[in-house]
Amino acid sequence: MAPTESDILKHYLLLPAPLTSIQTLEQFRALFPRSWQAHPQVRLLFRDLQAQRNIVINTVTENIDAEARRGVAMRREVLRVALEESRDDDGDAEVDIERALFGDKSGAKRAKYTLHTVIPDLHGAAAAMESEMQRLEDEEAELVASIRQTIEDLSDLQYGKLSNPQLKKDVLEGLASLQDACASKT
């Protein structure tokens with residue numbers, strides 16, 4: 001079986017990515033002056049660099065997986081659109097009108113589905129639903145994270161712990177500017 005896009009990306013982006021595959025601790029120590037090479041902070045610095053690199057690797061892995069899911073959803077959507085375009089909507093509408101007016105006496109044959117023709121359509125519909133549910137769950141998680149961050153920021157504001165000490169001055173200047181603009185319009 002041919003490798004998937006996800007497999008190729010993981011093989012070429014993630015396998016050579018860990019810091020230890022690029023540089024060992026001893027090589028890292030050699031970058032420092034001799035007086036600092038034996039210092040314990042160099043080892044901690046290397047471990048911190050390793051942790052940062054692992055965070056980036058995890059982010060890339062998540063992005064590859066998300067892109068693979070989006071690719072599957074896009075292929076399904078293209079197939080669905082192609083299927084809809086291939087159908088003759090005008091003919092189906094006429095047949096439906098004849099059935100509504102004359103019932104089964106219209107002579108229009110009903111579409112007959114077999115088990116073999118329905119199952120692939122049902123699998124495709126189920127997969128499309130799962131993809132849509134995953135997209136909505138991801139969107140929900142992003143919204144929840146955004147709301148939590150807003151609540152945290154508002155909590156900090158309520159208790160006077162501003163991460164930006166310049167913020168109060170900027171807000172007051174903005175309000176004064178807004179008041180001036182409103183006053184000039186009236």
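Biologist: What percentage of the 186 residues of the protein count as buried?

Modeller: This is a predicted model, in which local features need pLDDT of at least 70 and side-chain atom pairs count only at pLDDT 80 or more, while totals for chains, interfaces and linings use all residues. Residues are numbered from 1 along each chain as its sequence is written, and side-chain values use heavy atoms, with hydrogens and water left out. Buried means under 20% relative accessible area, exposed over 50%, and partly exposed in between, with a 1.4 Å probe and protein chains only. By that criterion, the buried part of the 186 residues is 9%.

Biologist: How many helices and how many strands does the protein have?

Modeller: Helices (H or I, at least four residues) and strands (E, at least two) are DSSP runs, numbered from the N terminus. From that end, the elements run α-α-α-α-α-α-α-α. The count is therefore 8 helices and 0 strands.

Biologist: Which residues form the largest nonpolar core?

Modeller: A nonpolar core is a set of buried Ala, Val, Leu, Ile, Met, Phe, Trp, Tyr and Cys residues joined through side-chain atoms within 4.5 Å. The largest such core has 5 residues, namely Leu19, Leu25, Phe28, Val42 and Phe46.

Biologist: Which elements give two or more residues to this core, the largest nonpolar one?

Modeller: The core is made up of Leu19, Leu25, Phe28, Val42 and Phe46. With contact meaning heavy atoms within 4.5 Å, and residues up to four places away in sequence not counted, Phe46 touches Leu19, Thr20, Gln23, Thr24, Leu25 and Phe28. The elements that contribute two or more residues to the core are helix H3 (25-30) and helix H5 (40-86).

Biologist: Is Ser6 buried or exposed?

Modeller: Ser6 has its place in helix H1 (residues 5-14), and, leaving aside neighbours within four places in sequence, Ser6 is in contact with Ile64, Asp65 and Ala68. Because its relative accessible area is 15%, Ser6 is classed as buried.

Biologist: What distance separates the C-alpha atoms of Thr61 and Lys10?

Modeller: Thr61 is in helix H5 and is partly exposed, with a relative accessible area of 22%. Thr61 and Lys10 are 51 residues apart along the chain, and their C-alpha atoms are separated by 7.3 Å.

Biologist: How much space lies in the largest pocket?

Modeller: On a 1 Å grid over the protein atoms alone, a pocket is an open set of points where a 1.4 Å probe fits, with protein on both sides within 12 Å along at least five of seven lines, and lining residues have an atom within 4 Å of a point. Grid points are joined across faces, edges and corners, and a volume is the space filled by probe spheres set on the points. For the largest pocket, this space is about 720 Å³.

Biologist: Which element gives the largest share of the lining of the largest pocket?

Modeller: Of the 23 lining residues, the closest to the pocket centre are Ala73, Arg76, Glu77, Gly124 and Ala128. Two or more lining residues come from each of H5 and helix H7 (115-158). The largest share, 12 residues, comes from H7.

Biologist: How far apart are the end C-alpha atoms of residues 119-153?

Modeller: UniProt, in an unreviewed entry, lists residues 119-153 as "coiled-coil region", and such annotations may be inferred rather than shown by experiment. Over these residues the chain is 100% helix and 0% strand, with a distance between the end C-alpha atoms of 51 Å.
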